[in-house]
Amino acid sequence: MAQRQKYQFSIISYNQNSMRNESINIGALLFNERDKSAKYRIIPFNSFKIRGLALNQYQKDLFQTTMKYLSFILSDLDSDFSVQLLDSTIEHNLPEQIRFSKPKPIVTANEELLFNQIVSEYVGNEYFKLDDVVNILTPKEQMIDIFTAHDLLGNQIKKNIKIRPSKSLEIKFNIDFAYGENTTLNLIDSSPVKESALEDWYVKMVTLSSRYDYDSSIFLINDSKNAINADKKVSQMLSDLENDTRIHSLDISQHDELESFIEKISYKSVNSEQLNALITSNHYMAS
């Protein structure tokens, strides 16, 4: 039976904005107390996990540069450096965006299994996939990440609401998000990433917009980098839907446009209590 050994582990995080205190876990470090060795694992510099924080090209470039430098530092780990990392005496040599959590002691007889569990729980195995995974994420999934990173989801934004296009109809449409502005309930829905689902989505939005008589803004999120946009189907549908002046398309790949949208919601939308009241007062809400 393998002998249990003492370890310490620390979670590595990336803090993009110290004033907002927005951060994500990007890796983990495990230190073996017996032989003074350490192992680490950090997400790739182009991992899609940063998309919730990096809303413009400068922020994306900063993350990638920081991650490459961190990888260079950690690749040269030795026993002294490992100890210094864990007792925080080395932090002045790290990029200011990088933080190591206070080390926690742990005992195990299976180092590899333990380390894999720490990485999975605190960082997430899915974030170690490369940039091509980004194209698989739906616009809705990307918006969930972004809204969560800005502490909007569940506060100023409600997810997955059901709306009837007309009071007299029992048809129920699922809308991705809703937020309130003054006394108006605004809707946010996302275009699908599968071509087979496009026509049904378009019919849903045409039906909703033609029958829904509230003076709400309806924002339609799409990702122009997605493969199905190559044949212009999505852009053609959005252009047609925008004939209704309440409907506005938003390309998630246009970071400046997206950042302005997030800031607008952050500063102008009502709080969760007022939002729930708006939703309750909307006669088209499905029970």
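The largest pocket in this predicted model holds about 220 Å³ of space. Its lining consists of E22, S23, I24, K49, G52, L53, Y127, I144, D145, T148 and A149. By class, five of these residues are nonpolar, three polar and three charged. Two elements, β2 (22-32) and α4, each give at least two residues to this lining. The largest share, four residues, is that of α4.

Helix α4 spans residues 139-149, and its buried residues are P139, Q142, M143, I146 and F147. These residues lie on the same side of α4 because they cover an arc of only 130° around the axis. The spacing follows from helix geometry: with 3.6 residues a turn, residues three or four places apart in an α-helix point the same way. The packing partners of the buried residues of α4 are the strands β7 (173-181), β8 (184-190) and β9 (218-222), together with the helix α7 (255-268). After α4 comes D151, which has a positive phi, near 60°.

Across the whole structure, a search finds two cavities of 30 Å³ or more, and the largest cavity contains about 60 Å³ of space. I50, R51, A54, L55, K60, Q142, I146, I252, H255 and L258 line the largest cavity. Here α4 and α7 are the elements that supply two or more lining residues. The lining of the largest cavity comprises six nonpolar, two polar and two charged residues. Q142 and I146, which belong to the buried set of α4, are among the residues that line this cavity, whereas I144, D145, T148 and A149 are among those that line the largest pocket.

Terms used. Residues numbered from 1 in each chain as written. Predicted model: local features only at pLDDT ≥ 70, side-chain atom pairs only at ≥ 80, totals over all residues. Heavy atoms only, no water. Buried < 20%, exposed > 50% of the residue type's maximum accessible area, 1.4 Å probe, protein only. Arc of directions from axis to C-beta. Contact = heavy atoms within 4.5 Å. 1 Å grid on protein atoms, 1.4 Å probe; cavity = no way out; pocket = protein on both sides within 12 Å on 5 of 7 lines; lining within 4 Å. Points joined across faces, edges and corners; volume = space filled by probe spheres on them. Nonpolar A, V, L, I, M, F, W, Y, C, P; charged D, E, K, R; others polar.
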